[in-house]
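This report walks through a few parts of one structure for a reader who is meeting it here. Please keep the sequence and the structure in view while reading.

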Amino acid sequence: MELREWEAAAVDPAEGPPTVDEWTAVDSPRPSRLAGEHAVAYRTSFADPREGAGRALLELHGLSPRGRVWLNDEFRGTHDTPFTPFRTVFDPAPENELLVECRAPENRFDDAGEASPANEPTIPGVRRASVEPTPENVVTDLTIRHYATDDGTGVNAIVTVDAGTDLQNRITLSLRRTGTDGMSALSQVGVTADAGERVTVRGQLTVRDPDRWHPHGFGAQDRYVVDAALGGSERTATTGFRTVESSADGMVVNGTRVPIRGWCSRSATPETVERALAANATLVRPVGAVPPPAFYDAADEAGLLVLQDVPLAPGEFDVERPRRVARTLGGTYGHHPSLAGFGVRDDAASFESATDESDRYALRATGSGDPAATASAAAAALPDDVPAFVLPGFDAGPDEVTTANAWVLDGFAGADDPLDAGAQTRYVVPGTGAGAAARARRALESLRQSGRPIVTALSPAASEHAVDAVETAFEPVKAFLDESTRGATRVVVVNDTPEPVGGNLAWTAADADGTLSVEISPLSWDAVGEIDVPADARAVELSLSIGGRDVITTVKR
């Protein structure tokens, strides 16, 4: 059952339970009126949730960093990772009192599930609290880690059990493909514990030839359910088998290069995934946020890759903290096949500004020095099952432009060392209206035409034109004009799909027009012909007919 009736008070942090002079009723354990407080205490009471034997499980989701929990005057522990739930199993009384002290995050990237805007104070609190009846012996956690050997591919299941009685039993582990009843793998692992003890055991499930999870447009999103059962208690996790690597050509999934068209977002919800998919993105990056599990579930189902930021305060680049945070992130979200990389922010990466046009800035990363080297070392310390990248903060750029009212577009040229941030180009396009969206679209198209394997866009929060602009620029198969040479203008077609494409391309410019034949190999680009554009033409329209649909590109001159 959800715990909904709370009282709260601002308190001074202390070693023991918080001292409160006067409690005030609040509608949730994260009320806006307590924003900016250094520490807040919350309390609530609830009846015994059981109807018979067994114990009870308390779960606190989104508990602020350094949160401390007391239950019926007994200290139950401190929790320091807000993107994982706090869980404790207990013997409930007829009436129970829960007391939680929440402290403000040390930085805005340390909050639960989202990054607060820099100018808004955080609210120490809890996002959701619940109490449920459980058996005496309960599985409280299941962590999945993949492995591959010559004998097959599979998962290591790390199972945590809270024993209410002396325990000597076996945990049943199973693996089945989603949507089916048949088991792909089955095993058991022994567990022994004394009453009141928490123990962790490890088991293994091997599949010789699993169906792979693929990014959208590159195959099916096959997934598997892992189940750990002990008596009447069980936990499940859904996972998928895939490999992810980074190279000079970009990102490689299951041995196939996947062109990265990235949607960067300040939000991290299933709706964010829907918007990214609608915008023809292949990757989504929640900026400075650790998303809730529902976000990753949606990305798994949609076949979108996720670049996970490692939440760090600007300037905090000691190696141990990102290693610890990433280890926790990997344990919490590593079973999601959509997790394709970690990003470590490098505040030392500055940009030299050169105004290419009156309506946009072109920037070149120039970061170097000790902070940049430390950020690279931190990225190198992250788990090696997915790539890690050093990423400049989005606030890097001209002083007169902020990400609140501008588009920020990145193009990574790729490097032999994926930690190298020096091959990055950034466009900043001021404005939130239709005109700025059109300029951002053209800038994105320029980045794609240049052959950058990783291109991303962060649109202004207030823009109503973001999805349409990015969708047009991110069409998987798209025609461009190559005006880099004198004389007739070449028409180039980019094919980001794993299949060859063929069709026709019609073009018009002022009173001139024509048709070109298109045949492009998978994951490549090629010139399909030349056109003579009249000198007085203000625009060239390219209409590419592929697979029964027309993709139109308008190039203004």
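Which residue stands opposite Leu60 in β7? The residue facing Leu60 there is Phe86, and this pair belongs to a setting in which strand β4, covering residues 55–61, runs antiparallel to β7 and is joined to it by five bridges. Strand β7 itself spans residues 86–90, and because four of its five residues are buried, it is largely enclosed by the rest of the structure. The model is a predicted one, and the confidence attached to its parts is taken up further below.

**An open sheet**

An open sheet is formed by four strands with antiparallel pairing, and their order is β13-β12-β15-β16. The edge positions are held by β13 (185–193) and β16 (233–239), each of which has a single partner strand, so that one side of each is left without a neighbour in the sheet. On average, and with direction ignored, neighbouring strands of this sheet are turned by 20 degrees against each other. Within the sheet, strand β12, made up of residues 167–177, is joined to β15 by six bridges, and the two run antiparallel; Arg176 stands opposite Val225 in β15.

| Strand pair | Bridges and direction |
|---|---|
| β4 (residues 55–61) and β7 | five bridges, antiparallel |
| β12 (residues 167–177) and β15 | six bridges, antiparallel |

**A residue in a helix**

Thr272 lies in helix α1, which covers residues 270–278. With a relative accessible area of 1%, Thr272 counts as buried, because that value is under 20%. Its side chain makes a polar contact, at 2.8 Å, with the side chain of Ser267.

**Confidence in the model**

Over the chain the mean pLDDT is 87, and 87% of the residues reach 70 or more. Confidence is highest in strand β15 (residues 224–230), at a mean of 97, and lowest in strand β24 (residues 351–357), at 64. Over residues 416–422 the pLDDT is below 50, although the model gives this stretch 15 contacts beyond near neighbours in sequence. Residues 112–119 also stay under 50, and for them the model has 22 contacts beyond four places in sequence. Where pLDDT is low, the predicted coordinates should not be read in detail.

How values were computed
Residues numbered from 1 in each chain as written. Predicted model: local features only at pLDDT ≥ 70, side-chain atom pairs only at ≥ 80, totals over all residues. Heavy atoms only, no water. Buried < 20%, exposed > 50% of the residue type's maximum accessible area, 1.4 Å probe, protein only. Polar contact = N/O pair within 3.5 Å; in protein donor to acceptor, adjacent residues only side chain to side chain. pLDDT = per-residue confidence, 0-100. Contact = heavy atoms within 4.5 Å. Pairing = 2+ DSSP bridges. Axes fitted to C-alpha atoms, helices over the stretch in contact; angles between N-to-C directions.
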